[in-house]
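Subject: Structure for you to look through

Hello,

Here is the structure I promised to pass on. Please open it first, then read my notes below.

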Amino acid sequence: MHSGTGPTLPRRTLLAAASAGTAALGIAAAACTVPQSPRRRAPVADPAPGQPIAHAGRSLLLQFLAHPDDDLYFMNPDSRRLLEAGTPVVSVYVTAGEANGINHAPGHPRPAPDKSAYVSARQQGLRQAYATLLGLEKFAPWQRTVLELRGGKRAELNTLVNGDLRAELVFLNVSVNSSRARAALTALWSDRGMRQHTLVADNSPVRKASSYDYEELVDALAGLLDLYRPTVVQTLDPDPDIQHSPERVRRKDSEQAGYSDHPDHTAVACFSWAALNRWVAEKAGRGEGLPRFTTTAFRGYYNRHWPKNLPQSVLRKKAEPLVVYGGDPDWECGNPAGCGDYSVGKGLPLKNWKGWVRSTNYRYPGPQLVAHEERGTLVAYGVLGLRLVRWQAAGRGWGQPKDLGGGPLAPVLGQAMTKDGKQLLFGLRFAALEGHGGPNLREIVQYDGLLWSSLGSPERQPDRSRRIGVPVAVTAGDGRVHLFVRNAAKSVSTRVRGTDGWWDAWRVLEGPDGDGMGDGDGVQDGLSAVVDGQGLVHLFAAARKSVRHWAQPSPGARVALRPPTAMPAPGDVPRAFPSADGSLGVVYRAPHSPALVAVRPDGTPLTGLAFEGYGPVAAGAGGVLLGRDERGEVRLRDGAGRFTKPPEACVGTPVLVRAGGKGTAVAGLGADATPWLWRA
């Protein structure tokens, strides 16, 4: 959907336009959608502001997975870090993951197919893995019961507790096999009249198979959200990158045609976000207050296509539970059906050429909070319950959140301050997310402190709109606001807001070929925009072998691609920062390494900036750095090279705050979905 080039529209105009636009576009078939009429529309929460927000309670992580092992491959080390900090973890496995039913251990004879036994063996592997994550012996006994779900459905529930640490595993066991031409879960999301049966695992307390249609599965997942009331929800990637691999390569990579992920990952992620929307709508409709939770979505087979971002020390720890999950046919685990998913045991994840385990990537990279001063008061914005909220500093922390509406939003925001002091916030909005042929569309939205408006999408085709990234914005010295978004071609698109408040049209940053890069080398999401001492806008993005750099050649000029420089290859997203003299620096992690790369845009090294760890690093003037060390703990490095640790744990990425004359401060979102503020 595209807006005009004028100033912001009232909120109701935005919502009406979004509804009409998605209905008129007609969604093309891809991964989660086909052009059919939906059976019925799910309840949708009113995105108007002013809803009450539930009070903060105990923290709980709930993660939705397609298969047993998705959490271990794609969501660790984040899940492990929260669990070890005392946050209870509930893992919901939607499919049985039975594949062809062959649990073949390398070096052993190939067994006959037995799907029920293979499902049981994989679930035993998960019990082994989570027992070790809880600090117990891998064959520790679990409590195994039946969990009643909405609609009379039943799932197996496994529970294990060690002191303050708790893990629950919920197995819905929807079969991944069907007679349809497409993958079973993709068909269940897309096709009217589709029902998919469940499997009964060997030795399960659930004795009878059942089946799900689209509505029943969304409702079951929404019911689990209402039962557990999580404060952190982790999902797989609902909108994976477009990936056109040769058919032989695609099949070898286990990817769906045209996209860089497994079809079950995409479908289950779509079901998960649909369930989140429904839960928010139900809570608001009952007048119970908006649920207080934050979300994180993780890339899946995307990891195969990009430089690896975990150093060896973190990788080894990430692989430990995977190896225990894989198990060994010679183990005596007490489960006659098998002691793990044998193709994953004995260190095989580290030997797999696809390299899935060697990275952990967010679908929506960036800090969960944006923070700055407004008229002398420190304020923060973030996304809770899929909606924009605002906090104001109070004492040593923050006051109560104020709901500003606008959802459903992805969890990471962009921001820019206009010359006249108006704060602009930008979000990636799920403009529509419906199965059974309903619209499935993403857009960029703006909040100016009073009104919401749509900035449309750099992609005109609805399916391509789903591939766009997190908005990043910055205000140039001449007062124009430059907005940047990664597009479906893995290039960058931009819009510019003039000083009169009018936006120009979307355009792709230059490059002679189809992906806008000039050499077929796209960029990852996680863009970094900054203004230098002359008021000129610069943009940096991580490509496969280099850091791309765009900049204005002069005030008022268009941002243009700079010639390649000697900036080393990145392992993670770059972060640019202005120095006291107006020059720029760029910091990022090297591939496979804890080392920090610190350079000027021309590739000249910046000395004195050292910070070993993993993940994104924020930088401020004077050598201040913020990131995670190799143990995953948030650390602040001051200009003298001294490291300190904030007293609070953090979900995702913390943010470095400059609080006027009060010095450096760090803000983050805790596992209880409550922000914290720490002044160093």
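The chain has 11 helices and 38 strands. Keep in mind that this is a predicted model.

Start with the overall form. The C-alpha trace spans about 70 × 55 × 55 Å along its principal axes. For 680 residues, a compact globule would have a radius of gyration near 26 Å. The chain has 24 Å, so the value agrees with that expectation.

Of the 680 residues, 65% count as buried. The chain exposes about 24,000 Å². Carbon and sulfur atoms supply 51% of that area.

Now the contacts. Take those between residues at least 6 apart in sequence. Among them, 61% join residues at least 24 apart.

Charges come next. There are 80 positive and 64 negative side chains in the chain. The centres of the two sets lie 2 Å apart.

Last, the cysteines. How many disulfides does the structure hold? It holds one. Cys333 is joined to Cys339, with an S to S distance of 2.1 Å. Which hand does this disulfide have? The torsion about the S-S bond of Cys333 and Cys339 is about -85°, so the disulfide is left-handed. Both Cys333 and Cys339 are buried.

Look at Cys650 too. Is Cys650 buried or exposed? Its relative accessibility is 5%. Buried means under 20%, so Cys650 counts as buried.

Find the Cys333 to Cys339 disulfide in the viewer, then Cys650, the other buried cysteine described here.

Best wishes

Note on methods:
Residues numbered from 1 in each chain as written. Heavy atoms only, no water. Disulfide = S-S within 2.5 Å. Buried < 20%, exposed > 50% of the residue type's maximum accessible area, 1.4 Å probe, protein only. Helix = DSSP H or I, 4+ residues; strand = E, 2+ residues; numbered from the N terminus. Rg over C-alpha atoms; globule rule 2.2 N^0.38 Å. Contact = heavy atoms within 4.5 Å. Areas by Shrake-Rupley, 256 points an atom, 1.4 Å probe, with all protein chains shown as cover. Lys, Arg positive; Asp, Glu negative; His and termini not counted. Charge placed at Lys NZ, Arg CZ, Asp CG, Glu CD.
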